[in-house]
Amino acid sequence: MKENVIILGSTGSIGVNTLEVISIHLNKFRVFALAVNSSVENLSIQCQKYNPKYAHVKKEEDAKKLISILKKLNIKTEVLYGIKSLNQLVSLDEVDIVVCAISGSAGLESSISAVKSGKKILLANKESLVMCGSLFMDLAKKNKASILPVDSEHNALHQCFASNKEKFIKKIILTASGGPFLNTNIKEFANITLEQALNHPTWDMGKKITIDSATMMNKGLEIIEAMHLFDLTLGQIDAIIHPQSLIHSMVCYEDGSIISQVSMNDMKIPISYCLGWPERIKSGVDLIDLTKQPPLEFSDVSKEKFPCFYLAKEVAIEGESFSTAMNAANELAVSAFLEKRIKFNDIYKILSEVLMSHKKTKLSSVEEVFAIDEISRNITIEILKKYN
Ligand code: MG
């Protein structure tokens with residue numbers, strides 16, 4: 001029996017890589033449904049190739065466009081739109097695997113639906129854990145959903161844990177490439193351009209996460225992600241810079257052993273690990289030739305250059321409403337930087353200011369999470385006005 005897969009965010013980089021892996025295993029997996037925000041053209045090409053039962057877009061007007069394209073191509077895929085129908089789609093009995101690859105807070109609601117319906121979830125949306133990790137993991141436990149992390153570092157950790165589960169751990173170490181500004185002089189940070197920030201040395205990703213990698217906020221978010229995913233305290237998680245991005249993370253055990261996962265930096269590897277889990281399936285990526293690699297280097301994260309990383313660590317201690325607020329502020333600050341409305345160094349200043357005015361709140365429902373998200377967005381919008 002083939003497993004039915006639904007990909008939320010199928011035209012993004014994780015979605016595209018997932019479809020490439022599935023293409024190697026069409027005897028095992030069926031593309032059941034594809035969902036995107038608004039990339040109608042690309043979605044229609046994917047429908048042509050994979051013939052899913054359903055295709056989903058956010059808005060009605062895009063659904064109409066897609067329907068007319070598919071009609072001309074004589075493709076029978078049923079087109080749906082709106083968040084309600086997306087949540088229903090995810091919960092259908094026929095769905096076995098949900099790939100949550102919508103980036104940002106926009107992906108939270110559908111990943112919550114996937115957890116509530118107890119699916120096997122390939123989680124690439126780290127915001128689900130940053131915004132409401134405890135609630136999310138509780139729902140997963142209650143509904144027997146398996147959460148398989150696609151984020152390369154957490155995926156590496158999942159692989160490292162395979163032999164010893166999560167027992168006898170001293171700590172885990174997330175690796176970070178250090179982004180494009182690892183070796184940039186601190187004096188030049190004030191003049192960093194958007195083009196420089198978008199030029200990531202080792203990973204090819206979406207714009208938002210590429211900027212998060214340049215500020216190293218991404219690593220901060222990943223620490224919070226790991227705390228929830230593996231039920232660890234902040235003290236049990238380190239992050240170190242490893243510019244070659246070949247070791248994707250490590251687990252340190254009480255006996256002094258360190259287990260690491262090493263592979264090419266290609267997202268098809270974590271994706272195929274999650275798709276096939278608990279088996280291993282081909283990813284289409286070659287083994288790494290270690291004799292041809294540069295020397296592996298490791299260093300600490302500079303506090304001066306990457307204050308966003310340390311801010312996220314402080315937020316991790318404060319807990320959930322703080323991480324929800326920081327995530328909201330960061331999404332807006334990064335999009336302002338992408339629109340060239342603020343400078344690179346302003347991202348940190350804006351986040352600090354938003355967090356300064358945040359009042360710690362206990363989050364006991366998804367509605368409360370969205371309320372904090374909205375309040376924090378409004379505060380950020382006000383602060384951003386000073387920069388225009
Ligand atoms: Mg990552």
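In the predicted model, the magnesium ion has three protein donors, D151 (OD), E153 (OE) and E222 (OE), which lie 2.1 Å from it. Donors are N, O and S atoms within 2.8 Å of the metal (3.2 Å for Na, K and Ca); water is not among the atoms, so sites may look incomplete. Along the sequence, the spacing of these donor residues is D-x1-E-x68-E. E153 belongs to helix α7 (residues 152-161) and E222 to helix α10 (residues 217-230), so that this pair, 69 residues apart, links distant parts of the chain. Helices (H or I, at least four residues) and strands (E, at least two) are DSSP runs, numbered from the N terminus. E153 and E222 are both buried, where buried means under 20% relative accessible area, exposed means over 50%, and partly exposed lies in between (1.4 Å probe, protein chains only).

The model is a predicted one, in which local features need pLDDT of at least 70 and side-chain atom pairs count only at pLDDT 80 or more, while totals for chains, interfaces and linings use all residues. Residues are numbered from 1 along each chain as its sequence is written, and side-chain values use heavy atoms, with hydrogens and water left out.

The protein chain is divided into domain 1 (3-149), domain 2 (152-304) and domain 3 (320-388), with bounds that come from an automatic or database domain assignment. Between domain 1 and domain 2, the C-alpha centres are 25 Å apart. Contact (heavy atoms within 4.5 Å) involves 25 residues of domain 1 and 28 residues of domain 2. The buried area is the accessible area (1.4 Å probe) that two parts lose on being put together, summed over both. For domain 1 and domain 2 it is about 2200 Å², and carbon and sulfur atoms give 73% of this. On the domain 1 side, V21, K126 and P149 lose the most area to domain 2, together 28% of what that side buries.

Strand β2 (residues 29-35) is mostly covered, with six of its seven residues buried. Strands count as paired if DSSP finds at least two bridges between them. Six bridges pair β2 with strand β1 (residues 3-8) in the parallel sense, and L8 stands opposite A35 in β2. From β1 the chain passes through helix α1 (residues 13-24) to β2 in a right-handed β-α-β crossover. A crossover is right-handed if, with the strands pointing away from the viewer, the path from the first strand over the helix to the second runs clockwise. β2 also runs parallel to strand β3 (residues 54-57), joined to it by three bridges. Here A35 stands opposite H56 in β3. A right-handed β-α-β unit is made by β2, helix α2 (residues 40-50) and β3.

In helix α4 (residues 83-91), the residues S85, L86, N87, L89 and V90 are buried. Their cover includes β1, β2 and β3, together with β4 (78-81), β5 (97-100) and α5 (108-116). Helix α5 is itself mostly covered, as seven of its nine residues are buried. These are L108, S110, S111, I112, S113, A114 and V115. Just after α5, G118 takes a positive phi of about 65°.

G12 lies in the loop between β1 and α1. This residue counts as partly exposed because its relative accessibility is 31%. The C-alpha atoms of G12 and E304 are separated by 33 Å, and the two residues are 292 residues apart along the chain.
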